[in-house]
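Reader: I've got this one open on my screen and I'd like to talk it through. Could you take my questions one at a time?

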There are 2 protein chains.
Amino acid sequence: MPVRYQPPLPADLASVPGVTLGTAAGHIKNWQRDDVLLVAFEPGTVAAGVFTQNRFCAAPVIICREHLARGGSVRALLVNAGNANAGTGAAGIKAASLCCVAVAAQLGCTPEEVLLFSTGVIMEPLPVERIVEALPVASRALASDHWFAAVLAIMTTDTVPKATSRIVSIDGVDITATGMAKGAGMIHPNMATMLALIATDASIAAGLLQTLTREIADVSFNCATIDGDTSTNDSFVIAATGKAGMAPITAAGDPRLASLRIALTDIAVTLAQAIVRDGEGATKFITVRVEQGRDSAECRRIALGIAHSPLVKTAFFASDPNLGRIVCAIGNAATPDLDASRVAFWLDDVLVVEGGSRSAGYLEADGQRVMQQEEITIRVILGRGEAAAMVWTCDFSHEYVSINADYRS
Amino acid sequence: MPVRYQPPLPADLASVPGVTLGTAAGHIKNWQRDDVLLVAFEPGTVAAGVFTQNRFCAAPVIICREHLARGGSVRALLVNAGNANAGTGAAGIKAASLCCVAVAAQLGCTPEEVLLFSTGVIMEPLPVERIVEALPVASRALASDHWFAAVLAIMTTDTVPKATSRIVSIDGVDITATGMAKGAGMIHPNMATMLALIATDASIAAGLLQTLTREIADVSFNCATIDGDTSTNDSFVIAATGKAGMAPITAAGDPRLASLRIALTDIAVTLAQAIVRDGEGATKFITVRVEQGRDSAECRRIALGIAHSPLVKTAFFASDPNLGRIVCAIGNAATPDLDASRVAFWLDDVLVVEGGSRSAGYLEADGQRVMQQEEITIRVILGRGEAAAMVWTCDFSHEYVSINADYRS
């Protein structure tokens, strides 16, 4: 069960003018479910994406980067679950290209206007034939109100579908945006990857959309960490169809850009937190904020140091206010010039450490009270600058080990 | 049960001329055991140490660094289990200083000739009075053949004592060296720390001993990682009494230095591996070698990336040859300029990946066979340089979570 996350009902997901979705059973694994998703965009849609930094990035990631570099014009996104097409070398690139050609033939566009997401087993050949055979079914199913079915088709170890919609008025024009994501830890046995798509009918120049996508990723998905492993396939794309009837946003100073950023960021944060709340074996949702650092890189490094410490994570699982482990994690992630005697940290509203050692007023009962909550904020004050960073993570439970020690299914 | 580690019997531990050891019950925690160890060195002993890089380093670490900086002359090492005297600020330094004064009074040396190791709960005041009260008992117990009792006194979550001796002939003189260590993951609930002492009757100049200690740490304890958390108290000291009757080693080019290095490294590697073999919840001992890197820092970063990945560690626990997770961990730890298509890796004698994707000859049955072993070597070939690095680690089991999610005892 995810930690304090209410999954959407089908009716909660708003259709986005210019976007249709269809699913099909590609039988990519031995399961009874749709595992191929085709998203079609009307002509005029532009897209932008950010992708994994993993050096073994998957073939679909390489294809997406290439295709988006041609200007951002897109007509389709093909997603498959069950096989990541990663660590597959030149054969993997060829398989991904074949998928693009098949989608292009189906929709009457060019292969370069097709984007790909894959998630599943790493280092196994992609079953291209089964995906291509599923395409006509997915294509016939294309409809604007199939968002919920689409989310179900891309799930792997997710225990709940993750999607949300926003309708906002920007300068008098109603703009719709719907986003969906999958991910629950990098991996179930080889079932990798965070995938996210946000589609909107806003109209925005491709270059601005790329900047916007990067900015939004940095304050949403890049703040989410379950186990510190970045998948070979992580992908986040925003597609803008321009069907809302607004004049295009073409300048960075356009005030409508700020409004759009707020709406899309809201969706991305909701999806990113949903991934953490549904983290493999998670029983707690933890926000780590590091403030008053010299620069944001320092703050982020320390925040991730806390969020990735198995000892901190198991202490949260146990609801144990184990101060030493958090202090130790801070000390490990800090640079040699950090003055420990200026460091403070809080568990929610409880001041635990000040001046580098236990606060005189700290009572274990107070720490215990906070640790028993399902949602907890650790706030670390470095006391030497103005920068800050935040990450979201979850605890580390027996269930995490069980999920990840299962044989590949 | 540790993974393929045979703990010493009392008779296996050789007395080191110039060294006596005594233990006592300081009742630092509510347990029935000796938890205070006094090691006395005869005049003329020099020591050198390497200590944690954690920015919240403990008071005894600060004291050791200060005292060793005065030239390396030492007369005693006081160890306590049950309290780390870390995150205790100025009060912790004062408590540690009081311990040194008390030892100095007991043994008739100066406080600056005393070193301290502490291990246990972080951020709790050190019970100085109980340690000082235990000192006369420990002092009366001082004897050269008390190494085994000494090792027992410093154990925390260790399931077995870790110590070993070597007697080597160096240029016709028999040199004795005995080492002991404790540690089993950074922590049992707040029971932190790797501590190690090697004592020898060799005669060596203090400056050379410091260089030697650093070199030995780099190829032994610094290669051991269980969960990636460096304790606030990690300490490794080599003490040389000079009682063996050899002419002192005073020049870096002295061929006897190489012989001494080999013997002491052998002890340190045995102890460091014993810590990993006895890692919390460990069922497998894993060596990660990364070769043909551009520099050793790159190789070490990738080796640690593999060793610290919870997904890799749970796959080892499950004996699952989960190639994707290892590939993914390599890709995460690599710099952007790594050419994935040149990477290969082996599980023991099985070539799993070559040219960046699954080896054509790889059979899952072969990977499965290796993964079922208790001891496994992962060898990663980066294919772009001459550098190499190695780390030892263990798997990640249900038992790890159980140990670390228990309430502090």
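**A strand in chain B**

Author: Let's start with E11(B), where Ser235(B), Val237(B) and Ala239(B) point one way while Phe236(B), Ile238(B) and Ala240(B) point the other way, and all are buried. Bear in mind that this is a predicted model.

Reader: How many of the residues of E11(B) are buried?

Author: In a regular strand, side chains alternate between the two faces of the sheet. Here Ser235(B), Val237(B) and Ala239(B) take one side and Phe236(B), Ile238(B) and Ala240(B) the other, and all are buried. That leaves strand E11 of chain B mostly covered, with a buried count of 6 of its 6 residues.

Reader: Which strand pairs with E11(B) in the parallel sense?

Author: Strands of a sheet pair through backbone hydrogen bonds, either parallel or antiparallel. Strand E3 (residues 46-51) of chain B runs antiparallel to E11(B), joined by 6 bridges, and Val50(B) stands opposite Phe236(B) there. The parallel partner, over 6 bridges, is strand E10 (residues 195-200) of chain B.

**How the two chains relate**

Reader: Which element gives the most to the side of chain A that touches chain B?

Author: The contact takes in 54 residues of chain A and 53 residues of chain B. Elements giving two or more residues on the chain A side are helix H8 (310-317), helix H9 (323-333), strand E15 (357-358) and H11 of chain A. By class, that side divides into 25 nonpolar, 21 polar and 8 charged residues. With 9 residues, the element that gives the most is H9(A).

Reader: Which residue of chain B does Thr88(A) touch?

Author: Thr88(A) sits in the loop between strand E4 (76-83) and helix H2 (89-107) of chain A. It counts as buried because it has 24 C-beta neighbours inside 10 Å. Leaving aside residues up to four places away in sequence, Thr88(A) touches Ala59(A), Met123(A), Pro125(A) and Leu126(A), and from chain B, Ser357(B).

**Inside chain A**

Reader: Which element gives the largest share of the side of domain 1 of chain A that touches domain 2 of chain A?

Author: Chain A is assigned domain 1 (10-277) and domain 2 (285-405), and their C-alpha centres lie 33 Å apart. In the contact, 12 residues of domain 1 meet 11 residues of domain 2. Strand E8 (187-188) and helix H6 (255-277) of chain A are the elements giving two or more residues to the domain 1 side. The largest share, 3 residues, comes from H6(A).

Reader: Why do the buried residues of H11(A) line one face of the helix?

Author: In helix H11 (residues 398-405) of chain A, the buried residues are Tyr400(A), Val401(A), Asn404(A) and Ala405(A). Seen down the axis of H11(A), they line one face because they fall within an arc of 115 degrees.

Reader: Which strands stand at the edges of the open sheet of 6 strands in chain A?

Author: The strand order is E15-E14-E13-E16-E12-E17 in chain A, with mixed pairing. E17(A) pairs with strand E12 (residues 285-293) of chain A in the antiparallel sense over 8 bridges, and Val290(A) stands opposite Ala389(A) in E17(A). Each edge strand has a single partner strand, so one side of each is left without a neighbour in the sheet; those strands are E15 and E17 (387-394) of chain A.

Reader: Is Asn322(A) buried or exposed?

Author: Asn322(A) lies in the loop between H8 and H9 of chain A. Its C-alpha atom is separated by 7.6 Å from that of Val312(A), 10 residues apart along the chain. The cut-off for burial is 20 or more other C-beta atoms within 10 Å. Asn322(A) has 27, so it is buried.

Methods
Residues are numbered from 1 along each chain as its sequence is written. Chains are lettered from A and ligands numbered from 1 in the order in which they are written. This is a predicted model: local features need pLDDT of at least 70, side-chain atom pairs count only at pLDDT 80 or more; totals for chains, interfaces and linings use all residues. A residue is buried if 20 or more other C-beta atoms lie within 10 Å of its own, exposed if 12 or fewer, and partly exposed in between; C-beta atoms are placed from the backbone. Helices (H or I, at least four residues) and strands (E, at least two) are DSSP runs, numbered from the N terminus. The arc is that of the directions from the helix axis to the C-beta atoms. Two residues are in contact if their C-beta atoms, placed from the backbone, lie within 7 Å. Ala, Val, Leu, Ile, Met, Phe, Trp, Tyr, Cys and Pro count as nonpolar, Asp, Glu, Lys and Arg as charged, and the others, Gly among them, as polar. Domain bounds come from an automatic or database domain assignment. Two strands pair if DSSP finds at least two bridges between them.
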